[in-house]
Amino acid sequence: MTSRSSLALILACSFLGAAPLASGQTLFVDAALTTGADDGSSWANAFQGPQGLHDALAAAPAGAEIWLASGTYLPSASLDRAARFEIVTDDITVRGGFAGTENSPLERPELGDAPTVLSGDLAGDDDASLANGADNSSLVVLVTAKRIALDRIDLTGGGAGLVPGSVGPGAALWSNGNARGLTLIGCCVERCYGFGVIGLGLDSEHFVEGCSFRDIGQTALELLSFRTLVSVRRCTFERCGTGLSIGDDWENGSTVQDSVARNCGRGIVFFVYPFSVTTARVIGCTVVDNEEPGILHFGGSGFTATMGVVVRNSILVGNDPLGSPPAQVSSFVFPNDSIVEGGFPFSNVIDADPVFVDRAGGDLRLLPGSPAIDRGTDLVYEDGDVDLDGRHRAVDVASVPNEGAGTPDFIDLGAYEFTGSIGDNLGCSAQPNSTGLRGRLLARGSVTAAANDLTIVGEFLPAGQFSMFLTSRQQGLVPMAGGPGTLCLGGAIGRFNRPGEIQAIGAAGTVGLPIDLTNVPQPSSVVAAQPGETWRFQLWHRDLDPGGATTNGFTGVVAVTLE
């Protein structure tokens with residue numbers, strides 16, 4: 001399934017742009033720290049211990065950020081199942097994934113490399129069987145405040161039985177009806193006995209992006225909206241009672257995009273209330289091998305077809321296997337431009353094997369020859385949208401006929417875009433260049449270092465302009481002056497500026513460079529790339545602004561992990 005590290009750049013960018021939270025005081029917490037003032041004023045003086053988050057939440061004013069070093073944080077030092085972390089102050093952002101030395105969230109290690117875990121497994125005896133929950137916290141996190149965000153916070157081990165005090169059913173995180181606006185970015189919720197995350201809200205937005213939910217006894221993510229907007233993007237739901245459940249009313253038109261639901265009792269469920277006036281949308285999702293129809297709609301009395309669920313650019317196979325005949329969707333769910341097992345009488349719907357890499361093993365990326373390649377429509381996407389892996393959408397495979405709709409007409413079906421690239425197209429935000437498109441890099445050849453057969457290709461570029469490839473083993477995020485775009489490389493950045501390496505972009509808007517892996521440039525030397533290393537490549541190029549003046553541009557990034 002999705003590599004969490006491949007989402008690091010896109011989630012950093014999307015969080016900075018998406019969370020409408022005030023900036024203010026920063027408090028530091030480190031579960032492993034045993035020295036310092038224990039007042040949260042710096043990493044050296046961070047609140048200490050597995051319960052240090054309690055102190056930070058109690059001290060945090062509205063608008064504060066709480067930074068958690070990697071480690072495991074427990075609501076209770078004993079087996080007090082009623083203990084939980086409580087967020088009661090508005091506009092709080094809780095960020096994890098820190099090594100404990102950073103001055104900025106952008107300096108954190110790759111997503112997943114330094115996990116911050118809030119755990120209800122008080123006795124430390126949980127396993128994948130979900131059989132040891134009698135001594136776990138009923139609730140790990142309770143949110144009663146408005147506009148709360150969790151960034152790279154992992155939640156596990158909660159939801160055993162009812163929550164003491166009648167707050168509600170057991171869950172890893174419960175955001176109650178007074179809490180307006182819940183944001184989750186890059187979180188992992190797993191091994192929960194009851195619910196994963198329950199979010200209630202009024203007159204505000206729920207936004208969930210780049211999160212994974214797996215091994216949840218009941219519903220993994222339940223978001224109930226009342227006059228609010230719900231957006232779930234680039235998430236995975238695996239081995240859950242229900243993957244995603246959205247209660248949708250009024251004019252919000254909730255959206256689930258570029259996500260996967262597999263091996264759940266139910267995949268994606270919508271409860272559309274009778275006073276809703278807008279359809280919900282499922283876009284670019286892969287919904288596979290769930291026990292009931294993959295996408296279900298339940299409406300209150302008096303609902304009409306205009307309150308249903310529109311599905312576009314998606315793949316629905318293997319759901320409801322015991323049904324006769326099997327049903328991929330329920331009534332009032334309308335797939336278009338999709339693969340639907342058994343067919344569906346709507347526009348551009350086909351019944352075909354999607355040809356996944358490893359369906360049984362959970363790798364639902366597309367193999368060459370998949371009928372999902374270049375068959376989708378861009379009419380439901382926004383410029384710059386990326387897939388579940390953070391790869392840019394609308395990658396044209398030249399050998400495949402374009403059977404989609406819109407311009408371009410070669411977006412793929414499902415949660416993953418097939419690039420034909422041997423590298424990961426990380427979602428570093430390339431700005432449109434003078435062609436109106438965003439420059440992109442692909443990697444061709446072999447990932448075997450000894451083969452020394454790697455070529456980096458840029459496309460959608462301004463013809464005739466000079467260009468230079470850059471490389472580094474580290475990520476970065478530096479908005480550039482003197483032109484649009486972002487330098488997404490960090491650390492030691494090598495420039496391919498030796499004879500023959502600086503090139504003019506061709507008439508087709510493409511440029512390529514064979515990479516000699518035995519002679520990779522660095523700022524003051526050259527090195528030989530080694531197996532196990534990940535090398536990132538980006539292209540700088542000259543361009544013209546709308547007034548005809550010379551400016552600079554950058555493509556996105558392609559990363560290649562060598563073997």
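**Entry 1: one ring.** I started with Phe98, which has 0% relative accessibility and therefore counts as buried; buried means under 20% relative accessible area, exposed means over 50%, and partly exposed is in between, with a 1.4 Å probe and protein chains only. Next I looked at what lies over the face of this ring, and found Arg108 at 5.1 Å from the ring centre of Phe98. My rule for a charge over a ring is that NZ of Lys or CZ of Arg is within 6 Å of the ring centre and within 35 degrees of the ring normal.

**Entry 2: ground rules.** I noted that this is a predicted model, where local features need pLDDT of at least 70 and side-chain atom pairs count only at pLDDT 80 or more, while totals for chains, interfaces and linings use all residues. Residues are numbered from 1 along each chain as its sequence is written, and side-chain values use heavy atoms, with hydrogens and water left out.

**Entry 3: the whole chain.** I looked up the secondary structure and found two helices and 44 strands. Helices (H or I, at least four residues) and strands (E, at least two) are DSSP runs, numbered from the N terminus. Of the 563 residues, 58% count as buried. The accessible surface comes to about 20,300 Å², and 53% of it belongs to carbon and sulfur atoms; such areas come from the Shrake-Rupley method with a 1.4 Å probe, and for residues only the protein chains shown count as cover. I also checked contacts (heavy atoms within 4.5 Å). Among those between residues at least 6 apart in sequence, 68% join residues at least 24 apart.

Entry 4: How many aromatic pairs does a search of the whole structure find? I got 10. Rings of Phe, Tyr and Trp (its six-membered ring) pair if their centres lie within 6.5 Å; planes under 30 degrees apart count as stacked, over 60 as edge-to-face and the rest as tilted. Phe28 and Trp43 have ring centres 4.9 Å apart and planes at 65 degrees, so this pair is edge-to-face. Phe28 sits in strand 1 (residues 26-30) and Trp43 in the loop between strand 1 and strand 2, so their pair ties together parts that are 15 residues apart in sequence. Phe28 is buried at 12% relative accessible area, and Trp43 is buried at 11%.

Then I came back to Phe98, which forms a stacked pair with Trp67, at 4.7 Å centre to centre and 15 degrees between the planes. Trp67 belongs to strand 3 (residues 65-69) and Phe98 to strand 6, so this pair ties together parts that are 31 residues apart in sequence. Trp67 is buried, with a relative accessible area of 6%. Ring pairs link Phe28, Trp43, Trp67 and Phe98 into a cluster.

Entry 5: I traced an open sheet of 12 strands with parallel pairing, in the order 2-1-3-6-9-12-15-17-19-22-25-27. Strand 2 (47-48) and strand 27 (333-336) stand at the edges with a single partner strand each, so one side of each has no neighbour in the sheet. Two strands pair if DSSP finds at least two bridges between them. Strand 6 (residues 93-98) and strand 9 (residues 148-151) pair in the parallel sense over three bridges, and Arg95 stands opposite Asp151 in strand 9.

**Entry 6: a covered strand.** Is strand 8 (residues 139-143) mostly covered or uncovered? It is mostly covered, as five of its five residues are buried. Strand 5 (residues 85-87) runs parallel to strand 8 and is joined to it by three bridges, with Phe85 partnered by Val141. Strand 8 also pairs with strand 11 (residues 171-175) in the parallel sense, over four bridges; there Leu139 stands opposite Ala171.

**Entry 7: a hairpin.** Strand 30 (residues 356-358) and strand 31 run antiparallel, joined by two bridges. They form a hairpin with four residues between them, and Gly362 in the turn has a positive phi of about 95 degrees. Both faces of strand 31 (residues 363-366) are covered: Asp363 and Arg365 on one side, Leu364 and Leu366 on the other, are all buried.
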